[in-house]
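Dear colleague,

I am passing on the structure we spoke about, together with some notes on what came out of going through it. Please read them alongside the coordinates.

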Amino acid sequence: MGYPPEILLEAVANGLLMGAVYGLVALGLTLVYGVLHIINFAHGALLTLAMYAAFVAHGVFGLDPYAAMIPLAGLFFVFGYLVQRLVIGPASRGDDSNMLLVTLGLSIIIENAMLAIFRSDTMTLRLPYTMSMVELGDVLLSVPRLIGFGVTLLLAALLFVLMTRTDTGRAIRAVAKERTGAALVGIDVAHIYAVTFGIGTACLAIAACLLLPSFYVSPRVGNAFVLVAFTIVVLGGMGSVTGALLGGLFIGVVESLSGLYFGDSLGQIGIFLIFILVLLLRPTGLFGARA
Amino acid sequence: MTPRETLPILGFLVAAVLLSLFVTSNVVLNFLVFTLILAIAAQGWNLLGGYGGQYSFGHAAFFGMGAYVSAILQQRFGVNAYPAVAFGITAAALLGYAIGAMVFRAGLRGSYFALVTLAFAEVLRILANATEITGGAAGLLISLNLGAGNLQFANRSSFLILGAVLLALAMLITLALEKSRLGAQLVAVRENEAAAAALGVDILAVKLRAISLSAALTGAAGALYAQYFLYIDSNIAFGTWISVEALLAPIIGGAGTVFGPLIGALILQGLSEGTKMLIGKIPGVDLIIFGVLLILVVRFPLHRIPGLLAARWRGKGAP
Amino acid sequence: MTGQGRDPAFLAVRDLTKRFGGLTAVADATFDVREGSITGLIGPNGAGKTTLFAMIAGFEQPSAGLVLLDGEDITGRKPHDLAKLGLARTFQIVQPFAGLSVRENIAVGAFLRLPKRRDALALAEDVGQRLGLGPQLEKPAAALTVAGRKRLEVARALATRPRILLLDEVLAGLNPSELRDFLPVLQDIRAGGVTILMIEHVMQAVMSLCEYVHVLAGGRIIASGEAAEVVGNPAVIEAYLGHGAAQRLAGHA
């Protein structure tokens, strides 16, 4: 179709790198769905919040986003825990349409709070390594994106260990599989829900730090990611962590190639159309657990 | 529907006409017209969401369809405003039917339905922003052409009456629906699909009719917006703001009732203006309050109260 | 409509089978329901009765087999189409339409054949009275007791003017006096010309109501016939453990 193979290869490679971070964003969403069985409409807004937090951390404390990852992850874990424990849990009382509305309400609050504080201008962080590239054979790869890829893989491995080797991880898996049974053996379900939500939010904090060096921040930036994340989760299977990561990679490549062929403004359409198609044809996704 | 039942709606219409005669402040008139536009859009959402229980997060798709088709026909093809608006409403209804046909047949409901409607609205927004016929990112201006024949009025009071008439029509349609077989079947579908199917309700057909009617009403609101403001762009027409407000107003004002959308729209707009006066024009503050209100309403289901009260009131006068 | 020249069974189920992956829930179920009868479908828990019902009523697609209503093949048709043809069913777990009154609940069924609200509400009133719900018609359906909800469930289905009514454990959860009061209601429905096929566990009701009984165990029909002889069938007694039915019947014999 008129593009030389090196350009295509580069698009694919960068798509994969970008896709890893998409996968990280989707991971939080799919984890929350798999355990709490809610579709968290506030996910995008939480990402926006995290990106602003990283931005402020740099502006006020001089913290490099990569250095801010761990403290912000901790902070957002606590924030996510409290939000689920104190707001979402009590307000929705387990009802599906209530959860829809509550998480929608949250997203409206967070997004507009950012708008009120920071106004609608997009802001970017210019760091010495923002534009650094690395050559891998014929292909030029962006350094921030490479780092993003690496960190995501590391985090995925950490989460795997958490889920399989720790008590908390086992409790989370128990609640995901059979909530009543888990409660009967003494697991504090509300606490586990909150922990899971906290982990999801912490993942967003890390993703935000990874994205900030090469991305802009604005009150609606999370929105740009949330539908991508939803697409990935639906594609990869609601509740499947592997699905989220692999789906992320796939979507990253699709977006990169769409952008190449259709231009930036229409590039996002490719993702939405895939999203709609997947929902229409296979709501449980490719690796899906329950619908 | 008995004449007695239509009294509140006629009462509202009379009140609106009186307001238009006695209110002279442009600011207040503007507030009222905008609130009416929102109420009409919300009335549309209420049909599918309040009565039908299918929560759409993308009603902007219908609002924008009505607005753009009407505006494009007038600006690019010189069609007169009246048929243009009619076509706009029809286009919105057709879009509703098309989306419904795909989505309901695939069995999507609940969160999935919300997500997919959100996606459709976004697709339309991106398309509107990128294509020429819609004016792309610059948006579309409707040429100033004052006169009743062009559905453009010099003074806002006339728009107030127009909006009130349209809203009254929408409320009458809602009331008629409540009293009809379709209405009963729609509520049954909302409460328990399996039981409804066992009682002979064709679930798909009912949902399709509901979404088409819902889209038509919200599309009418979009067309009215275009006639009043004479300018639309992809964010105004298909943006999340209208999806959110069309959903919030009925939920807060009373989902599944005739007056819920209007009450909700008044509350929302009132709060919005109120905060602007108190805190000044900080963008987003009104929506923060909306979000808090939404969570509060869900937490303490006050929104069930208007519905229950309405049922009691209806019950007294049954059948 | 006595089916002359056609299959004498009003509802004929032939080799109906349902497989879920590797599990066969119902295998080659074959039985008849005669017009104007009250026929029982009994069997131990997990025998597949509800799956069988679901297949007949259009809520599950059969893996194999046929269902015929008055000679017409209705296999795999959608529930709302079946309701139009005169086959109505109730659900084991009763859920009234919340937010609507009892009368409005029944009216949903009535609307199937009566497009006008006034007519539908009038029929709902009628049916409601017949089912003993007269004093509750105005009240919200959610306020009904279990017994009331069961009556509502039947009333809703009856309002669709069915020719055959499938009742799924409609007597479950009723205390002895509620049970006693419900039996004549069902007999009255049959007297009105509606055939009844009922899944039931309450043995005394089966004995006093049903002329014919089919027994489903392990997904298969293991016995069919008049109620008294079927219940004495040793295979049936063996299939049934824990209901005390065998002892009670041995006591009556």
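Which are the buried residues of helix α6 (residues 167-177) of chain A? In this predicted model, they are Ala171(A), Ile172(A), Val175(A) and Ala176(A). Because these residues span an arc of only 135 degrees around the axis, they lie on the same side of α6(A). The exposed residues Asp167(A) and Lys177(A) sit on the face of α6(A) that is turned away from its buried side, while the cover over the buried residues includes α1 (5-36), α5 (143-165), α7 (179-184) and α8 (189-211) of chain A.

Turning to the interface, 35 residues of chain A are in contact with 32 residues of chain B. On the chain B side, α5 (110-130), α11 (240-253) and α13 (285-299) each contribute at least two residues, and α5(B) provides the largest share, with 13 residues. By class, the side of chain B that touches chain A comprises 25 nonpolar, five polar and two charged residues.

The crossing in which α4(A) passes α13(B) is left-handed. Among the residues making the contact are Leu101(A), Gly105(A), Ile108(A) and Asn112(A) of α4(A), and Ile288(B), Gly291(B) and Ile295(B) of α13(B). The residues of this contact divide into 16 nonpolar and four polar, with no charged ones.

With best wishes

How values were computed
Residues are numbered from 1 along each chain as its sequence is written. Chains are lettered from A and ligands numbered from 1 in the order in which they are written. This is a predicted model: local features need pLDDT of at least 70, side-chain atom pairs count only at pLDDT 80 or more; totals for chains, interfaces and linings use all residues. A residue is buried if 20 or more other C-beta atoms lie within 10 Å of its own, exposed if 12 or fewer, and partly exposed in between; C-beta atoms are placed from the backbone. Helices (H or I, at least four residues) and strands (E, at least two) are DSSP runs, numbered from the N terminus. The arc is that of the directions from the helix axis to the C-beta atoms. Two residues are in contact if their C-beta atoms, placed from the backbone, lie within 7 Å. Ala, Val, Leu, Ile, Met, Phe, Trp, Tyr, Cys and Pro count as nonpolar, Asp, Glu, Lys and Arg as charged, and the others, Gly among them, as polar. A crossing is left-handed if the near helix is turned anticlockwise from the far one by less than a right angle, and right-handed if clockwise.
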